[in-house]
Amino acid sequence: MRKFIVTFLPASLLLAFLAMGLSTCGGGGGGGGSSAPAATLTGLSVNGPSSVSEYGTGTYTATASWSDNSTTTVTPTWSVNSQAASISASGVLSCLQIDNDQTVTVTAAYSFGGITVTATRNVALSNIATIPFTAQMLSGKVFFDENIIPGGGYDSSLSILNADSSFEQYTYEIPPDAADFAKGTWSIDASGNLVVNISGQGTVTVMLVSDSPTEMQVLIDDGTATPSTATLEKIVPVDSAKLPGSYVGSDGYTWVFNANGTGSVSGFGGLTFTWSVDSDGVLRMPSNTGYTAVLYARASSQSGATSYTILKAGFPEFNTSTGAFYTYYGGLELTRQ
């Protein structure tokens with residue numbers, strides 16, 4: 001049978017070995033020294049815009065200061081001292097409808113290690129003054145709205161306010177890569193706002209913020225969400241004298257408009273068409289496929305004295321045999337070759 005050998009050491013020698021072991025391994029105490037005390041919270045500051053416009057938003061952050069002179073970004077508890085605005089847990093301040101300019105105070109509160117600090121920031125809320133619409137601004141007019149969204153999203157609309165108070169709107173959106181056509185009526189209310197009733201969709205109120213020869217800045221209120229700002233580009237008549245020539249389209253195709261009223265586009269297997277500009281200044285192109293492409297020229301189109309250099313348009317298409325809406329492609333830019 002194997003024997004286990006047990007060695008007994010004198011007490012003084014055993015203590016010496018233990019001391020050596022603790023010195024070698026650090027004794028769990030960081031080499032025998034004491035650890036530095038944790039930094040304590042000493043202050044807080046709020047960062048973000050000093051003003052937010054009506055219906056607009058501003059994002060705020062908080063920075064904590066520590067006793068070791070370091071700073072870190074922290075997530076505080078946010079609040080605002082007015083019903084004219086609200087602020088989310090992530091620090092996004094939303095200005096609601098206001099009748100005049102005013103100032104609110106945003107407060108951040110943060111706690112750590114039993115210490116609570118607060119910080120404030122005054123934010124000016126700016127009322128957006130609106131201008132009354134007149135019938136002359138709207139009757140018989142067409143407007144284009146386009147938004148290119150980071151990540152590949154896109155939406156566009158072409159809105160037609162006919163002189164008989166009927167309303168038509170073409171829309172296109174990616175995603176889901178779909179076009180639509182809606183009808184309704186339009187009017188101007190007692191406050192000078194444009195009121196559009198869209199069949200099956202409800203009522204939209206449009207308030208005018210500014211007006212220029214090429215566009216209108218507006219606020220759009222659909223009654224379900226916070227009103228949003230938009231830029232409505234004005235549609236202008238196509239100048240048939242400046243059109244003839246060859247263009248490269250933003251769709252990747254080559255478009256040719258001959259002076260004799262014929263034309264072609266390289267897509268769709270070599271499509272051909274005839275073209276003319278109607279009494280409303282709209283370019284219409286019935287094609288050999290049985291469909292009519294229609295271009296509404298945008299005010300941002302560019303031209304010299306005798307020819308277009310860039311023709312920017314809103315682009316619907318119709319079934320020629322029935323006159324029914326087929327699709328709306330959104331914005332199209334034709335650049336002269």
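Q: Is Phe318 buried or exposed?
A: Phe318 is buried, because its relative accessible area is 14%, and buried means under 20%, exposed over 50% and partly exposed in between, using a 1.4 Å probe and protein chains only. This is a predicted model, in which local features need pLDDT of at least 70 and side-chain atom pairs count only at pLDDT 80 or more, while totals for chains, interfaces and linings use all residues. Residues are numbered from 1 along each chain as its sequence is written, and side-chain values use heavy atoms, with hydrogens and water left out.

Q: And Phe325?
A: Phe325 is partly exposed, with a relative accessible area of 24%.

Q: How are the rings of Phe318 and Phe325 placed?
A: Their centres are 6.4 Å apart and their planes are at 75 degrees, so the pair is edge-to-face. Rings of Phe, Tyr and Trp (its six-membered ring) pair if their centres lie within 6.5 Å; planes under 30 degrees apart are stacked, over 60 edge-to-face, and the rest tilted.

Q: How many aromatic pairs are there in the whole structure?
A: A search finds 16.

Q: Which residues form an aromatic cluster?
A: One cluster is formed by Tyr247, Trp255, Phe257, Phe273, Trp275, Phe315 and Tyr329.

Q: New topic. Which residues have the most contacts inside the largest nonpolar core?
A: Leu44, Trp78, Leu93, Val123 and Leu125, in a core of 25 residues. A nonpolar core is a set of buried Ala, Val, Leu, Ile, Met, Phe, Trp, Tyr and Cys residues joined through side-chain atoms within 4.5 Å.

Q: Where else is there a core?
A: Apart from that one lies another core, of 20 residues, including Phe273, Trp275, Phe315 and Leu334.

Q: Back to Leu125. What does Leu125 touch?
A: Not counting residues up to four places away in sequence, Leu125 touches several residues, among them Val52, Cys95, Ile98 and Val104. Contact means heavy atoms within 4.5 Å.

Q: Now Ser90. Where does Ser90 lie?
A: Ser90 is in the loop between strand 7 and strand 8. Strands (E, at least two residues) are DSSP runs, numbered from the N terminus.

Q: Buried or exposed?
A: Ser90 is exposed, with a relative accessible area of 54%.

Q: What is Ser90 in contact with?
A: Leaving aside neighbours within four places in sequence, Ser90 is in contact with Tyr60 and Trp78. The C-alpha atoms of Ser90 and Thr59 are separated by 8.2 Å, and these two residues are 31 residues apart along the chain.

How values were computed:
Helices (H or I, at least four residues) and strands (E, at least two) are DSSP runs, numbered from the N terminus.
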